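Here are my notes on this model, in numbered points that you can follow with the structure open beside you.

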Amino acid sequence: MCSKSSDRKNLVVAVVGAPNAGKSTIVNAIVGEKVSIVSHKVQTTRRVIRGVAIIGTAQVVFLDTPGFCSASSPLEKALLANFRRSYQGTDLILLVIDATSQSHRLSIEFIEHTEKAEIPIAVVINKIDAVRKECILEVASSLAVYDHIKKVFMISALHDDGVMDLKEFLEGSAFDGPWLYDDAQTTDSTMSFRLAEITREKIFARLEKELPYSTYVETELFRESEKKATIYQSIVTLKDSQKGIVLGRNGTMIKAIKNDAITDIVALLNKKVTLKLFVKVREKWTEKKEHLQNAGII
Ligand SMILES: Nc1nc2c(ncn2[C@@H]2O[C@H](COP(=O)(O)OP(=O)(O)OP(=O)(O)O)[C@@H](O)[C@H]2O)c(=O)[nH]1
Ligand SMILES: [Mg+2]
């Protein structure tokens, strides 16, 4: 980086919003690397993921959060607690609204909740590629009554439309001060966690209904040399019957998950990868603190 350390600025941004609004997609688009996994299913992000981007002279640290949810199960309670902690002590809240969603009730409630908060809030209406213009303008005009919103952006994170304006705004909102992470660092997640998340993303893409929510992935071994990496991971399910589905007929499902994961891991590590996946059953893991910890959720 060419900027003098005296010119440097920083900004910590909490990215919040309803499940599936595209929060992780936005963070990845600005960071320029997949630091947070993405899927078409809700509740993909399970804990706060930090993504670090350099925009001009500013280092912007994003806290990508699990979507808002109402908590009934212990797993959901843990997700909600992660969310509430996420925007304490940040410089700016970026509320992401899904333009394709039928109801924005939770987002509006959140905006009202931040009216008296000290932290400034900006709104990003995302997925504008997927709806008619009138719908976008309708959402934007419903926000006009909230004076405390600093700015409203309309973007498509998927098609990199409008992201530049958002980046300029973030750079302009940054405060003079040192960078909080190394110049080249894009996240503070450990490599073991990132590798487990990649496999979890493939599970979310391939398995239907409740099954992805009944699983977590743990990296048991990660060994690398200059040219190759060896990784052992466990996919943990709640029941024997789920283990069978993860394995698939003649092991076809687990092979497909493995191949999908290897493609991304090779791209990340830039070396030859051997990945071994094991499937384990841990009954009631979603209710046990120890397993929520293993899953990286608490
Ligand atoms: N059409 C369209 N789809 C998008 C856009 N941004 C994200 N998506 C899709 O929306 C889905 C959810 O994206 P995520 O980034 O995982 O959403 P999230 O808000 O992080 O979701 P949770 O972590 O579950 O709360 C994925 O299928 C994305 O590809 C966009 O600009 N346009
Ligand atoms: Mg997410």
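Predicted model: local features only at pLDDT ≥ 70, side-chain atom pairs only at ≥ 80, totals over all residues.

1. Residues are numbered from 1 along each chain as its sequence is written, and chains are lettered from A and ligands numbered from 1 in the order in which they are written.

2. Along the principal axes, the C-alpha atoms fill a box of roughly 55 × 45 × 35 Å.

3. The protein chain has nine helices and ten strands. These are DSSP runs numbered from the N terminus, with helices being H or I of at least four residues and strands being E of at least two. Of the contacts between residues at least 6 apart in sequence, 67% join residues at least 24 apart.

4. How much of the protein chain is buried? Buried residues account for 37% of the 298. The cut-offs are 20 or more other C-beta atoms within 10 Å for buried and 12 or fewer for exposed, with partly exposed in between; C-beta atoms are placed from the backbone.

5. The largest nonpolar core has 44 residues, and Val13, Val15, Val60, Leu94, Leu95, Ile97 and Val124 touch the most other members. Such a core is a set of buried Ala, Val, Leu, Ile, Met, Phe, Trp, Tyr and Cys residues joined through C-beta atoms within 7 Å. Elements that each supply at least two residues include strand S1 (9–17), strand S4 (92–98), strand S5 (121–126) and helix H5 (163–173). S4 gives the largest share, six residues. Another core lies apart from this one, with 23 residues, among them Ile231, Val236, Ile257 and Trp285.

6. Seven of its seven residues are buried, so S4 is largely enclosed by the rest of the structure. One side carries Leu92, Leu94, Val96 and Asp98, and the other Ile93, Leu95 and Ile97. S4 runs parallel to S1, joined by five bridges, and parallel to S5, joined by six bridges; two strands count as paired if DSSP finds at least two bridges between them. Val15 stands opposite Leu94, and Asp98 stands opposite Asn126 in S5. Val15 also touches Phe62, Leu63 and Val96, among others.

7. Now for the open sheet of three strands, which has the order S8-S9-S10 and mixed pairing. Strand S8 (216–224) and strand S10 (272–281) are the edges; each has a single partner strand, so one side of each lacks a neighbour in the sheet. From one strand to the next, the twist averages 15°. Strand S9 (residues 228–237) pairs with S10 in the parallel sense over ten bridges, and Ser234 has Phe278 as its bridge partner in S10.

8. Two helices contact this sheet. Helix H6 (residues 191–206) lies across S8, S9 and S10, at about 130° to S8. Helix H8 (residues 252–269) touches S8, S9 and S10 as well, and its direction makes about 140° with that of S10. Axes here are lines fitted to C-alpha atoms, for helices over the stretch in contact, and angles run from 0 to 180 degrees between N-to-C directions.

9. Finally, please look at two backbone spots. Most residues other than glycine have a negative phi. Lys127 has a positive phi near 70° and sits in the loop between S5 and helix H4 (133–143). Lys209 has a positive phi near 50° and is found in the loop between H6 and S8. Which of the two is buried or exposed? Lys127 is buried, with 23 other C-beta atoms within 10 Å, whereas Lys209 is exposed, with 9 neighbours inside 10 Å.

Note on methods:
Contact = placed C-beta atoms within 7 Å. Lists of a residue's contacts leave out its neighbours within four places in sequence.
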